[in-house]
Amino acid sequence: LFQVKNEPRNLECDIANNLQDIVSNFYGRSTAVAPERWHLDLHCAIRKSQHYRFALSPFTDKPTRSASLFSFIQQANLDAVLLSNRPSSTFSWHSAEYFGAQALTIELGQVAPLGRNDLTQLDDFDRAMRLLVSEPQLVETKWDSNKMPVYRVNRTLIKQSSDFFFLFPTDVPNFTFFDEGEHIGGDGETQFYIEQGGEAIVFPNPDVAIGQRAVLLVKPTSIEEIL
């Protein structure tokens, strides 16, 4: 939805087009890379997760994974970070790719009826956000690799046919780990097995349209080399 402007086919396309215009106007329609630009796309996940609060860093060739960004992640006391390995048409990717913004998609717990989320679990995030918008400069902190797990996308499974299926339960939490060699599903004549060292699943959905992402398969990694 956020790679380019969409044909006005439905309400979602109209909303995405409007958001693209808002971001462009907010940044003064300048596509120059500017490290002071930030975009945090905040969500609640539908699915349960092994990590209650986690951030997804979109992939781009722009310098959008700064020490300041990861200092914020650490100060917000998120539970995990996932590094994308290829461009995607998400809202945060759009801001990073076209405007050089320090951008993240952040999942803040599981969706619940209005007023029923335990907001005390977001106290550190709330504090970090207030400092981010009120202080002239974010205080950078050295990354503590023991404090927060970091993952990278190892594979993306794209649904190719109506015969796509998973062998694990539909309500399995995000970041559930599977051992090497486990059979997790298939698509027509293609069968999916977990690769060497094991992989965890994120955002599994066998009911997506053909041609869309059905699951991310991720592995633990380190961010020291990018900071």
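1. Start with the overall fold. For 227 residues, a compact globule would have a radius of gyration near 17 Å, and the chain comes in at 18 Å, so the two agree. That radius is taken over C-alpha atoms, and the globule rule is 2.2 Å times the number of residues to the power 0.38. Along the principal axes, the C-alpha atoms fill a box of roughly 55 × 45 × 40 Å.

2. Before you read on, a word on what this is. It is a predicted model, in which local features need pLDDT of at least 70 and side-chain atom pairs count only at pLDDT 80 or more, while totals for chains, interfaces and linings use all residues. Residues are numbered from 1 along each chain as its sequence is written, and side-chain values use heavy atoms, with hydrogens and water left out.

3. On to secondary structure and burial. The chain has four helices and 11 strands; these are DSSP runs numbered from the N terminus, with helices being H or I of at least four residues and strands E of at least two. Of the 227 residues, 43% count as buried (buried is under 20% relative accessible area, exposed is over 50%, partly exposed is in between, with a 1.4 Å probe and protein chains only).

4. Residues 147-220 carry the annotation "domain: AstE/AspA barrel-sandwich hybrid". Here you get 0% helix and 49% strand, and the end C-alpha atoms lie 14 Å apart. UniProt positions are in the numbering used here, feature names are shortened, and annotations may be inferred rather than shown by experiment.

5. Where does the largest pocket lie? It lies between domain 1 (11-134) and domain 2 (154-221), because both give residues to its lining. The domain bounds come from an automatic or database domain assignment. The space in the largest pocket is about 1800 Å³. Its lining has 49 residues, and Ser89, Thr90, Phe203, Gln212 and Arg213 are the closest to its centre. Among the elements that each supply at least two lining residues are helix H1 (11-26), helix H3 (91-99), strand S5 (150-158) and strand S11 (213-221). By class, the lining has 25 nonpolar, 17 polar and seven charged residues.

6. How those terms were set: on a 1 Å grid over the protein atoms alone, a pocket is an open set of points with protein on both sides within 12 Å along at least five of seven lines, and lining residues have an atom within 4 Å of a point. Grid points are joined across faces, edges and corners, and a volume is the space filled by probe spheres set on the points. For the classes, Ala, Val, Leu, Ile, Met, Phe, Trp, Tyr, Cys and Pro are nonpolar, Asp, Glu, Lys and Arg are charged, and the others, Gly among them, are polar.

7. The second largest pocket holds about 340 Å³. Fifteen residues line it, and Pro35, Glu36, Trp38, Leu132 and Leu138 lie nearest its centre. Strand S1 and helix H4 (123-134) each supply at least two lining residues, with H4 giving the largest share, three residues. The lining has eight nonpolar, four polar and three charged residues.

8. Two backbone spots to check. Most residues other than glycine have a negative phi. Asn77 has a positive phi of about 55° although it is not a glycine, and it lies in the loop between helix H2 (67-75) and strand S3 (80-83). Asn77 is partly exposed, at 26% relative accessible area. Phe175 also has a positive phi, of about 70°, in the loop between strand S6 (164-166) and strand S7 (176-178). At 5% relative accessibility, Phe175 counts as buried.

9. Ser24, in helix H1, is buried at 12% relative accessibility; its C-alpha is 8.7 Å from that of Ser95, 71 residues away along the chain. Met129 is in helix H4 and is partly exposed, at 23%.

How values were computed. On a 1 Å grid over the protein atoms alone, a cavity is a set of points where a 1.4 Å probe fits but cannot get out, and a pocket is an open set with protein on both sides within 12 Å along at least five of seven lines; lining residues have an atom within 4 Å of a point.
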